[in-house]
Amino acid sequence: MKELPKINQLRNLRAIINYGGVRPAAIALGQTQPAITKSINELERILGTRLLVRGESGIILTKTGKAFETRMNAILNELERAVDEIKQIEKISHGEVVFGCSHLPAFDVIPELITDFKHKHQDARITVIEGQFSELVSALRLGRMDFFVGNTLDLSSREFTSEHLMTLEFSIMGRKGHPLKNSKSLSELKNANWFLPAATFGYYNDIEDIIFPDGKALANSVIYGDSISIARKLIFDHDYLFAGPTNLINEPSCQGLLDIIPISEKLPVSQYSIIYRKNQILTPIAVLLIKLIQSAYRE
């Protein structure tokens, strides 16, 4: 290809996709509608294909537009990260780091750690996205997140680097004094209500197969989510059961509040790791935060 798209053309296309049309994109970017339209027409000329068409509900991507969007987002995210890294090299306290984490780190180590980190690097911008690896992996692939910390699969992937943090035993738990606290097997819990993290694959998906060996649970017996506040409300006020790290009952905020259900079935251990893309050059501030997380778990 003799002629490559210009960055402003890619940013204009991304704005149209994000805001749902040329007019709102023009307003958001502080440009005129004709300028945005001209930019997209020029981009389509360079690529030799239509990227956008007008549908019943507004402007939509064509098949080639959808394919181009994935690559375009990765390019723009990497370029924005590169600019941010240059700024961080000039002054490491500035810059942005975006990372994901599953429930236990979000509940346990991460809040105190990032508080201390922000105290030392006051101008740094930190964004934490709570959720399971299976739900956040796309953001990691596209460069929208720097890394993920939490329970994961045993990854032997060419795509990601996985640095082990710890191994934890899991148990079925409920509030102190739960009506099913003396149950000896999962079969005795078949009528229980459950709160489970949303996961399309990975550890919690495997756990669900163990809890419901005859197939997925009835829709009215399970609530899926990634909110700790909602989980606490359901568990302590509405007798929902959950699968969690066994040592959670010793955490100061949970001490005396939870019972482990003494079922005979043993749940698989969960591996906690830090994961990032192998071909990704981490920014200095992301590297610094990863080292602090590793140190916190070693201690």
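1. Gly143, which comes just after helix H7, takes a positive phi of about 80 degrees. Helices (H or I, at least four residues) and strands (E, at least two) are DSSP runs, numbered from the N terminus. The model is a predicted one, in which local features need pLDDT of at least 70, side-chain atom pairs count only at pLDDT 80 or more, and totals for chains, interfaces and linings use all residues. Residue numbers run from 1 along each chain as its sequence is written, and side-chain values use heavy atoms, with hydrogens and water left out.

2. Helix H7 covers residues 133-141, and its buried residues include Phe133, Ser134, Leu136, Val137 and Leu140. Buried means under 20% relative accessible area and exposed over 50%, with partly exposed in between (1.4 Å probe, protein chains only). Viewed down the axis of H7, the buried residues fall within an arc of 155 degrees, so they line one face of the helix. The arc is that of the directions from the helix axis to the C-beta atoms.

3. Strands S3 (96-101), S4 (125-130), S5 (147-152), S6 (160-168) and S12 (270-277) are among the elements that cover the buried residues of H7. Contact here means heavy atoms within 4.5 Å.

4. Of the 6 residues of S3, 5 are buried. S3 pairs with S4 in the parallel sense over 6 bridges, and Cys101 stands opposite Glu130 in S4. S3 also pairs with S5, again in the parallel sense, over 3 bridges; the bridge partner of Phe99 is Phe147 in S5. Two strands pair if DSSP finds at least two bridges between them.

5. In helix H2 (residues 22-29), the buried residues are Val22, Ala25 and Ala26. Seen down the axis of H2, they fall within an arc of 100 degrees, so they line one face of the helix. The exposed residues Arg23 and Ile27 sit on the face turned away from the buried side of H2. The buried residues of H2 pack against helix H1 (7-19), helix H3 (33-47) and strand S2 (58-61). Gly30 follows H2 and has a positive phi, near 70 degrees.

6. The structure holds 2 cavities of 30 Å³ or more. On a 1 Å grid over the protein atoms alone, a cavity is a set of points where a 1.4 Å probe fits but cannot get out, and a pocket is an open set with protein on both sides within 12 Å along at least five of seven lines; lining residues have an atom within 4 Å of a point. Grid points are joined across faces, edges and corners, and a volume is the space filled by probe spheres set on the points.

7. The largest cavity holds about 370 Å³ of space. Of its 25 lining residues, His103, Ile228, Ala231, Phe242 and Leu248 are the closest to its centre. H9 gives the most to this lining, with 5 residues. The lining of the largest cavity has 18 nonpolar, 6 polar and 1 charged residues. Ala, Val, Leu, Ile, Met, Phe, Trp, Tyr, Cys and Pro count as nonpolar, Asp, Glu, Lys and Arg as charged, and the others, Gly among them, as polar.

8. The second largest cavity holds about 70 Å³. Phe133, Asn151, Phe201, Gly202 and Tyr203 lie nearest its centre, and H7, S5 and helix H8 (203-211) each supply at least two lining residues.
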